[in-house]
Amino acid sequence: LGTDGWDDPKIVDVAGAEALEGAFFSNHYSPQDTDPNVVSFVEAYRKEYNQEPSALAVLGYDAALVVVDALKRAGSDDPEKIRQALAETKDLQVGTGIITMDANHDPIKSAVVLEMKDGQKIFKQKINPNK
């Protein structure tokens, strides 16, 4: 079992495909996900940068979407209104799925499970949180 750090493209170079065979890890997203929002983000990113987006790239995109949404809903540049709008984020569609902030200001969002097979990261399942 591994964690989202296994998203690093050098994981196979470091550990070796044989050592990773059959291992599973969680991540924030997979470029193999068929969700239309993921597909759209991956296509736009590849077109712009000529490479596959990492989890950090899509998380940066998600963060920007959350901030822009909060700024629009706050209707102001007042930090307190923006903070409140961020805290009230609910069912916002972003690149990786849908985000809702909980009472502790932690994002409730989906995660994915990937399997290492023949040195490749294979999308297995998206797990959506219970709300």
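Begin by selecting the largest pocket, which has a volume of about 350 Å³ (on a 1 Å grid over the protein atoms alone, a pocket is an open set of points where a 1.4 Å probe fits, with protein on both sides within 12 Å along at least five of seven lines, and lining residues have an atom within 4 Å of a point; the volume is the space filled by probe spheres set on the points). This is a predicted model, in which local features need pLDDT of at least 70 and side-chain atom pairs count only at pLDDT 80 or more, while totals for chains, interfaces and linings use all residues. Residues are numbered from 1 along each chain as its sequence is written, and side-chain values use heavy atoms, without hydrogens and water.

Next, show Asp7, Pro9, Pro31, Glu52 and Lys121, which are the closest to the pocket centre among its 17 lining residues. Helix H1 (11-15) and strand S6 (120-127) are the elements that give two or more residues to this lining (helices, H or I of at least four residues, and strands, E of at least two, are DSSP runs numbered from the N terminus).

Now move to helix H4 (residues 55-74) and helix H5 (residues 79-87), which pack at an angle of about 120° with their axes 8 Å apart (axes are lines fitted to C-alpha atoms over the stretch in contact, and angles run from 0 to 180 degrees between N-to-C directions). For the contact (heavy atoms within 4.5 Å), select Val66, Val67, Ala70, Leu71, Arg73 and Ala74 of H4 together with Lys81, Ile82, Ala85 and Leu86 of H5.

Finally, zoom out to the whole chain, which has 5 helices and 6 strands.
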